[in-house]
Amino acid sequence: MSLGEKIYQLRTAKNLSQEALSEAMDVSRQSISKWETDASVPELDKLIALSKFFEISLDELVLNQAIKKDSEPAENSKDSKNANTQFAPGSKQRTKSWLILLCTGAIIFLMITLFTSQVLAGLLFAYPFWLCTLVCLAFKRSAWLWCCWVIFLLGDLYIRYATGLNWKAINMTLYFEPWMNPARLAIAWVMLALTVLMIILTVRELRKRKLPELFQNKIFLTGMWIVIVLSFLPSALFPERIFALYFVAVDWVQIAVLIAAILSTIKILRKEKESTTENL
């Protein structure tokens with residue numbers, strides 16, 4: 001049995017259409033058709049994705065040979081099982097993570113409350129851990145990333161109200177003089193570095209995920225990049241700032257739109273590359 005016949009057999013066994021499988025593999029329907037007719041061979045990353053999707057080994061998919069369980073040591077079989085279930089939704093690893101966060105927040109709250117008699121102070125230091133607990137419970141995938149965002153946004157909010165600074169204050173670099181406070185400029189650059197780091201982590205984590213079709217629409221993409229460019233225009237062109245929270249929200253939305261625009265750009269470029277490859 002050829003690789004194409006094997007893919008066809010596995011797809012029909014699950015009662016999937018070529019369109020459904022193409023969406024799961026993040027390729028076009030024509031690619032699936034070419035795979036099944038042996039007109040082309042899937043790339044390595046797609047072969048791995050197919051083996052995971054159909055829950056079979058690469059040997060069984062490519063060579064049409066199932067690995068004999070009796071020939072494998074019991075320890076290796078156990079390790080393989082643990083590796084597959086370690087980060088599965090509802091796994092023990094995930095449960096352990098939110099329990100640790102919940103207990104850590106509770107311990108911090110009790111210690112600060114008992115030693116300082118300040119309930120609000122205890123809540124202030126404990127609620128980031130409890131928010132991350134809710135994130136772990138709410139998100140089955142990439143919970144670590146959303147926990148990082150919770151911590152980042154809370155820290156960003158605190159710095160803005162404690163110092164009046166945000167990452168856009170790096171423009172002071174152009175006008176900096178020795179009598180100015182270098183710590184404020186350093187804080188602005190650190191905030192910028194953390195913002196860029198969070199954007200990179202988010203794009204790396206989500207770029208291979210299945211995204212809504214809207215992200216592959218060039219008109220939508222163009223609109224997002226226009227919004228981003230306009231949001232970076234000098235504040236002097238706009239009315240005087242009145243509500244600080246409003247502009248905090250604007251900055252956060254700006255980051256979210258930037259991430260969406262980058263992901264949309266990647267999806268469209270990848271789709272056009274696949275179309276060009278298929279035409280060749």
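Helices (H or I, at least four residues) and strands (E, at least two) are DSSP runs, numbered from the N terminus. By that count the protein has 12 helices and zero strands. Read along the sequence, the pattern is α-α-α-α-α-α-α-α-α-α-α-α. The model is predicted: local features need pLDDT of at least 70, side-chain atom pairs count only at pLDDT 80 or more, and totals for chains, interfaces and linings use all residues. Residues are numbered from 1 along each chain as its sequence is written, and side-chain values use heavy atoms, with hydrogens and water left out.

Start with helix H12, which spans residues 244-279 and holds Glu274. Contact means heavy atoms within 4.5 Å. Leaving aside neighbours within four places in sequence, Glu274 is in contact with Asp26, Val27 and Ser28. Ser31 is 243 residues from Glu274 along the chain, yet their C-alpha atoms are separated by 8.5 Å. Across the protein, 62% of the contacts between residues at least 6 apart in sequence join residues at least 24 apart.

Accessible areas come from the Shrake-Rupley method with a 1.4 Å probe; for residues, only the protein chains shown count as cover. The protein exposes about 18800 Å², and carbon and sulfur atoms supply 66% of it. A residue is buried under 20% relative accessible area, exposed over 50% and partly exposed in between (1.4 Å probe, protein chains only). Of the 280 residues in the protein, 29% are buried.

In soluble globular proteins, nonpolar side chains tend to be buried together. A nonpolar core here is a set of buried Ala, Val, Leu, Ile, Met, Phe, Trp, Tyr and Cys residues joined through side-chain atoms within 4.5 Å. The largest such core has 18 residues. Trp149, Ile199, Met224, Ile255 and Ile259 have the most contacts inside it. Two or more residues each come from helix H9 (143-163), helix H10 (182-206), helix H11 (218-231) and H12. H12 gives the largest share, eight residues. Ile255 touches Trp149, Phe152, Thr195 and Ile199, not counting residues up to four places away in sequence. A second, separate core has 13 residues, including Leu3, Leu47, Ile56 and Leu61.

Now the charged pairs. A salt bridge is a side-chain nitrogen of Lys or Arg within 4 Å of a carboxyl oxygen of Asp or Glu. The whole structure has three. In one of them, the side chains of Glu36 and Arg11 meet at 2.5 Å, N to O. Glu36 lies in helix H3 (residues 29-36) and Arg11 in helix H1 (residues 3-13), so this bridge ties together parts that are 25 residues apart in sequence. Glu36 is buried at 11% relative accessibility, and Arg11 is buried at 8%.

Helix H3 also supplies Arg29, which bridges to Glu19 in helix H2 (residues 18-25), so parts 10 residues apart in sequence are tied together. The closest N and O atoms of Arg29 and Glu19 are 3.8 Å apart. Arg29 is partly exposed at 32% relative accessibility, as is Glu19 at 42%.

Arg160 and Asp156 form a salt bridge too, with their closest N and O atoms 2.7 Å apart. Both sit in helix H9, four residues apart, which means a separation of about one helical turn. Arg160 and Asp156 are buried.

Which aromatic rings pair? Rings of Phe, Tyr and Trp (its six-membered ring) pair if their centres lie within 6.5 Å; planes under 30 degrees apart count as stacked, over 60 as edge-to-face and the rest as tilted. The structure holds three such pairs. Phe53 and Phe54 are edge-to-face, because their ring centres are 5.1 Å apart and their planes stand at 80 degrees. Phe53 is partly exposed at 29% relative accessibility, whereas Phe54 is buried at 7%. Phe109 and Trp130 form a tilted pair, with centres 5.9 Å apart and planes at 55 degrees. This pair links distant parts of the chain: Phe109 is in helix H7 (residues 92-116) and Trp130 in helix H8 (residues 119-138), 21 residues apart. Trp130 is partly exposed at 25%.

Last, the cysteines. A disulfide is a pair of cysteine sulfur atoms within 2.5 Å. A search of the whole structure finds zero. The cysteine sulfur closest to that of Cys147 belongs to Cys132, 3.9 Å away and too far for a bond. Cys147 is buried at 9% relative accessible area, while Cys103 is partly exposed at 43%.
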